[in-house]
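Trainee: I have a model open and want to learn to read its features. Can we go through them one at a time?
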Amino acid sequence: MPPFPQDVTVDPPGPESRDAYEVSAEFYDILQADQDRARVHRFYGRDVRAARRGVLDVGAGTGRVTLMSLAESRAPVHAVEPARSMRSLLMTRLAALPVDMRTRVTVHPHGLDEAALRAVADVAICHNTIGCLPPASRRALWSAVARALVPGGVLLVHLPPDRLPRAESTHVLPAQKVGEHVYGGRMVMSADADRIRTRFDYWVRGAKGVLREYTETFWMWPASRAEVAGELAGSGFVPLPERADPAVLAVRLGRARRAPRADRPGGVRRGARL
Ligand SMILES: C[S@@+](CC[C@H](N)C(=O)[O-])C[C@H]1O[C@@H](n2cnc3c(N)ncnc32)[C@H](O)[C@@H]1O
């Protein structure tokens with residue numbers, strides 16, 4: 001007798017690209033969640049409460065914006081998260097929710113460009129995401145967001161650093177006690193050509209000293225508000241009034257751009273040669 005019913009197919013394990021967050025995922029929430037929880041409410045809470053068609057969380061990570069959106073709105077939520085390590089933490093969070101909340105959220109295990117979402121949301125949020133994308137990928141993201149939004153939909157972009165750091169800078173992540181251990185870390189940023197090298201050092205200490213230490217490096221690409229706004233205009237977004245916090249850029253998707261008549265089924269452009 002076969003081990004599985006005949007009609008079940010199992011994909012053979014394929015080569016998966018290295019998960020960029022495989023080290024950081026363990027430390028992400030314990031070292032950064034508290035301050036960020038308050039920030040996402042402040043940045044996006046009002047827009048999320050006004051959502052009717054859906055909320056799109058681009059680069060959902062461990063689910064900070066997704067969870068806030070489920071709590072603050074009754075609309076469907078689409079969480080787009082390509083990294084397996086981050087998505088696993090998100091899924092654990094969703095599994096703990098009441099069923100009526102959990103059935104409102106769909107998790108897309110790809111980059112937004114591959115998720116092929118069409119008109120699923122009237123509010124889209126890119127929180128702490130676009131700084132991690134090289135400029136060409138960032139520009140490609142905007143047309144994918146435009147396709148995922150309904151006309152008139154609002155996009156809120158948490159802006160990346162607007163320039164390269166002049167000198168190396170260190171930001172200490174406040175240490176947190178978990179039982180008998182203390183978790184800590186720091187973020188070290190420095191310029192490298194046109195990118196920002198962002199190195200995270202993590203440690204776990206016990207009574208007798210350091211138990212574990214890890215390092216993971218990310219690249220970030222700076223972009224000014226004007227640069228991002230210009231790219232968004234190219235994908236059909238128009239500016240909204242500035243938000244209280246300058247870290248957020250708010251835009252609205254303009255009226256749907258219709259294809260030229262000749263491109264529509266059965267359509268012929270006036271004066272076109274046949
Ligand atoms: C720095 S994390 C931020 C996660 C979350 N937004 C937060 O603030 O906690 C950036 C996330 O964007 C995801 N990401 C990278 N490229 C993406 C893409 N093309 N589409 C959607 N998400 C992407 C990464 O996997 C990562 O989880």
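Predicted model: local features only at pLDDT ≥ 70, side-chain atom pairs only at ≥ 80, totals over all residues.

Trainee: Where is the place of Gly179?

Mentor: In the loop between β6 and β7. The C-alpha atom of Gly179 is separated by 9.7 Å from that of Gly206, 27 residues apart along the chain.

Trainee: How do I read the pairing of strands?

Mentor: Strands of a sheet pair through backbone hydrogen bonds, parallel or antiparallel. Here, an open sheet of four strands runs in the order β6-β7-β8-β9, and the pairing is antiparallel.

Trainee: Which strands stand at the edges?

Mentor: β6 (169-178) and β9 (209-220). Each has a single partner strand, so one side of each is left without a neighbour in the sheet. On average, neighbouring strands of this sheet are turned by 15° against each other, direction ignored.

Trainee: How many bridges join β7 to β8?

Mentor: There are 11 bridges between β7 (residues 181-192) and β8 (residues 195-206), and the two strands run antiparallel. Within that pair, Val188 stands opposite Arg199 in β8.

Trainee: What about the faces of a strand?

Mentor: In a regular strand the side chains alternate between the two faces of the sheet. Take β1 (residues 55-58): both faces are covered. Val55 and Asp57 are buried on one side, Leu56 and Val58 on the other.

Trainee: Which strand is joined to β1, and how do they run?

Mentor: Strand β2 (residues 77-80) is joined to β1 by four bridges, and they run parallel. Val58 has Val80 in β2 as its bridge partner.

Trainee: Now helices. What describes a packed pair?

Mentor: Two packed helices are described by the angle between their axes and the distance between the axes. Helix α1 (residues 24-50) packs against helix α2 (residues 64-72) at about 45°, with the axes 9 Å apart. They are therefore oblique to each other. The crossing is right-handed.

Trainee: Which residues of α1 and α2 meet?

Mentor: From α1, the contact includes Asp36, Val40, Tyr44 and Val48. From α2, Arg64, Val65, Met68, Ser69 and Glu72 take part. The residues of this contact divide into five nonpolar, three polar and five charged.

Trainee: How many residues of α2 are buried?

Mentor: Seven of its nine, so α2 is mostly covered, with 20 or more other C-beta atoms within 10 Å as the cut-off for buried. Among the buried residues are Arg64, Thr66, Leu67 and Leu70.

Methods. Residues numbered from 1 in each chain as written. Pairing = 2+ DSSP bridges. Axes fitted to C-alpha atoms, helices over the stretch in contact; angles between N-to-C directions. Parallel < 35°, antiparallel > 145°, perpendicular 65-115°, else oblique. Left-handed = near helix turned anticlockwise from the far one by under 90°. Contact = placed C-beta atoms within 7 Å. Nonpolar A, V, L, I, M, F, W, Y, C, P; charged D, E, K, R; others polar. Buried ≥ 20, exposed ≤ 12 C-beta atoms within 10 Å, placed from the backbone.
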